Amino acid sequence: MDLAPLALVVPLLAAAALAAVASHVRRAVADVVTVLAAAASTVLCALLLADAGSGTVVEWFGGWEPRDGVAIGISFAVDEIGAALAVFVAVLATAAAIFSSRYLEADEPYLHVLLLVFLAGMLGFCLAGDVFTMFVFFELMSVAAFALAGYKIDQSEAIEGSLNFAITNTIGSFLLLSGIALTYGRTGALNLAQIGEALATQPADGLVVVAFALIASGFLVKAAIVPFHFWLADAYAVALTPACLLFGGAMSELGLYGVGRTYFAAFSAAFESHQAELRAVLIGVGALTAVVGAVMCVQQDHLKRMLAFATVAYMGVFLIGMGTLSAEGVAGTAVYVLGDGCAKAGLFACVGIVQHRCRGISELRLRGRGRDLAGTAALFALGGLLLASLPPFGTFLGKSMLGAALRAEGYGWAIAVIVLASVLTGAAVLRAAGRVFGGWGARPEHPPATEEEGAEREVERGAAARTPAVMWVPAVLLIAGGVAAGVWPGLADAALGAAEAFTDRAGYSAAVLEGAAVAPPPAHASSPPWFDYLIGVGSAACALGVAALALFAPRPRSRAAAELGAVVSRCGAGLRALHSGRIGDYVAWLLAGFTALGGLFGLALT
Amino acid sequence: MTALAYGVAAWLLVVGIAGVVTSRNLIHLVVCMSVVQASTYVLLLGIGYRSGAKAPVFADIPTGTRVVDPVVQALTLTDVVVEATVIALLLAIAVQAHKRFGTLDPDRLGAIRG
């Protein structure tokens, strides 16, 4: 039985069936079918992951196998990193499907159809073995995501958020496709392994650099790397909570996976001699993204927008990790993605519960209205501590592995950026928890206008005296998953082994083109040193401190403190003003970002 | 010939994105998107073009005849299908925006800030 295609076929068939009988099927039946399809997909992906443990699984559709190193056929090439990401996506989709069971009053299950198509697109992207198949699945998941973001089409925010999302990401896809076309023109190949072999024969020239810059920019738009990130907060703030689970947990990470996959499988040999320069560019851009995302995150009042900017900050952190271009860095990133993705998806689920119970999304307006929600409050605070990477949570393990990789490459300063990002994002979430569930903090003088309150209307009307199990069970499981990732025995070793296979171009190429897949040798990750525990506890304490300061700080007495506060808030306001919500601005930033990134790659790689 | 195709592709990309940036009308903006998209068609077909070659259908020409690259044509067709979906979705959102806001000017939608 061929598992790889089946993992996609199940959700696609279920989606097609649901769409076909949409108006004749009972809502409860649609709910069950969706959850079962997503769960079946999860099981298939987990079996695939087990298979990939004994070497990259390659599936040639229609039996078009490569001959003499030439691959005409279309393939799935599944290694452990790809399969693990697929499992993670499928788990999040299952949680989202469960969460959406009681979500909307509408009878027709179009939300379910979109969720399943979105899932299939993401899975195909994780498993694809050639760049054009990656592009097609990338587009499939993007279109489903645009529709999910704009699902509440009668709300003005949803329309604007979805438009910004769709236009910026589609231009990103055009850049990606142009890069694929140039790569094909140079190498005559679309298969990643074959491109890698063709590019390995000579050092990179201008055309290869331009092609890589186009491909990387296309993926980085999805990964929301500054200055491509503007669409993300607009889209996440308006999307339905079930969609947010997938958006915040995995979608942007897939963009980064695309960069890593194309770099390590296809371009790494051509850029071998310029690795140090490329590393500097990627880590620099990642650090900028982490700082911008974290600073924007603490300034938000809209809870979903807050989590959206936390996503931006963490995408910066993950780009720093991927940018080390080493197996250790990729392994740390993978563990961090697992811990952070579970935490953010769980937090989005908590926000969904708050919306359901309290009819609000603005932190200031919700002040004290969540006092009765003790369970949700505990989960929310735990999520904040997860973002602040308290030991021994999954985020802590990821951060520690990432720190070791950065020190090995001589980028110790980037650890400070990661700590800053985790402190600020954790503080924002803890502050919101204190205000919403504890009623702490001063009563706001000017509660924000109701312009973003529209998002509240997404939850069905009627009494919500208690939280339905379909809402709190996924939230509990997701947060627990984020905690458990840190203490799961053998996770770090498995991640390191998988990352070594992921970064090994020759091994990937042999598995795909010659069918010579070998099991990766067992790897042993070193356990976190004592000072990492110190940093972890310290950053969690700092996050608590910053949150307390935001809630309880008295008005500044001294003139200097007041002036400092004014300067800080003016800088923050300036940064916020750049996020104008205008499509034209966003696309101009995108073009400027592409030009800058292309220029930096040109300097670094030739 | 090939240099001209690449020049046209680059021009379409730049002029299309300039149109998107400056557009004051959502329908116009979506058409600009399809101009950007057209640049990918020209680029793909330009890469596979061989002067003096025939269409890659060997039903009525002897094997070994010089033909253009069929792979890029398949890619272009797929690209057309994929992007048609996106354009259709964008137009649907634009129609909805007009219903909801009474305007097609993207600058006057303005629900989201900061």
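A:P227 is placed in the loop that runs between α8 (206–222) and α9 (230–238) of chain A. Helices here are DSSP runs of H or I with at least four residues, strands are runs of E with at least two, and both are numbered from the N terminus. The structure is a predicted model, in which local features need pLDDT of at least 70 and side-chain atom pairs count only at pLDDT 80 or more, while totals for chains, interfaces and linings use all residues. Residues are numbered from 1 along each chain as its sequence is written, and chains are lettered from A and ligands numbered from 1 in the order in which they are written.

The peptide bond that leads from A:V226 into A:P227 is cis, with omega near 5°. Another cis peptide bond joins A:P391 to A:P392, where omega is about -5°. A:P392 also belongs to a loop, the one between α14 (374–387) and α15 (394–409) of chain A.

Chain A as a whole contains 22 helices and two strands. Its C-alpha atoms occupy a box of roughly 70 × 65 × 50 Å along the principal axes. The radius of gyration of chain A is 23 Å, which agrees with the value near 25 Å that a compact globule of 606 residues would have. This radius is taken over C-alpha atoms, and the globule rule is 2.2 Å times the number of residues to the power 0.38. Of the 606 residues in chain A, 64% are buried. A residue is called buried if 20 or more other C-beta atoms lie within 10 Å of its own, exposed if there are 12 or fewer, and partly exposed in between, with C-beta atoms placed from the backbone. Two residues are in contact if their C-beta atoms, placed in that way, lie within 7 Å. Among the contacts in chain A between residues at least 6 apart in sequence, 84% join residues at least 24 apart.

Helix α3 (residues 80–99) has 20 residues and reaches 28 Å from its first C-alpha to its last, close to the expected 28 Å. The expected span is 1.5 Å times one less than the number of residues. All 20 of the 20 residues of α3(A) are buried, so this helix is largely enclosed by the rest of the structure. Helix α12 (residues 303–323) of chain A has 21 residues and spans 30 Å, close to the 30 Å expected. Here 21 of the 21 residues are buried, so α12(A) too is largely enclosed by the rest of the structure.

A:L325 follows α12(A) and lies in the loop between α12 and α13 (327–358) of chain A. Although A:L325 is not a glycine, its phi is positive, about 55°. A:L325 is buried, with 21 other C-beta atoms within 10 Å. A:D68, likewise a residue other than glycine, has a positive phi near 55°. A:D68 sits in the loop between β1 (57–60) and β2 (75–78) of chain A, and with 5 C-beta neighbours inside 10 Å it counts as exposed.

In helix α2 (residues 27–52) of chain A lies A:L48, which is buried, with 28 C-beta neighbours inside 10 Å. Leaving aside residues up to four places away in sequence, A:L48 touches A:L3, A:A4, A:A7, A:V57, A:V78, A:A83 and A:A86.

Chain B has three helices and zero strands, and its elements run α-α-α from the N terminus on. The radius of gyration of chain B is 19 Å, well over the 13 Å that the globule rule gives for 114 residues, so chain B is more spread out than a compact globule. Its C-alpha trace spans about 60 × 25 × 20 Å along the principal axes. Buried residues make up 32% of the 114 residues in chain B.

The contact between the chains takes 37 residues from chain A and 33 residues from chain B. On the chain B side, α1 (2–22), α2 (26–48) and α3 (70–101) each supply at least two residues. The largest share of that side, 13 residues, comes from α3(B). By class, the side of chain B that touches chain A has 20 nonpolar, nine polar and four charged residues. Ala, Val, Leu, Ile, Met, Phe, Trp, Tyr, Cys and Pro count as nonpolar, Asp, Glu, Lys and Arg as charged, and the others, Gly among them, as polar.

Within this contact, the axes of α5 (residues 131–149) of chain A and α3(B) come within 10 Å and cross at roughly 10°. That makes α5(A) roughly parallel to α3(B), a term for angles under 35 degrees, with those over 145 counting as roughly antiparallel, 65 to 115 as roughly perpendicular and the rest as oblique. Axes are lines fitted to C-alpha atoms, for helices over the stretch in contact, and angles run from 0 to 180 degrees between N-to-C directions. From α5(A), A:F132, A:V136, A:E139, A:V143, A:F146 and A:A147 meet B:L75, B:T78, B:V82, B:T85, B:V86 and B:L89 of α3(B). The residues of this helix contact divide into nine nonpolar, two polar and one charged.
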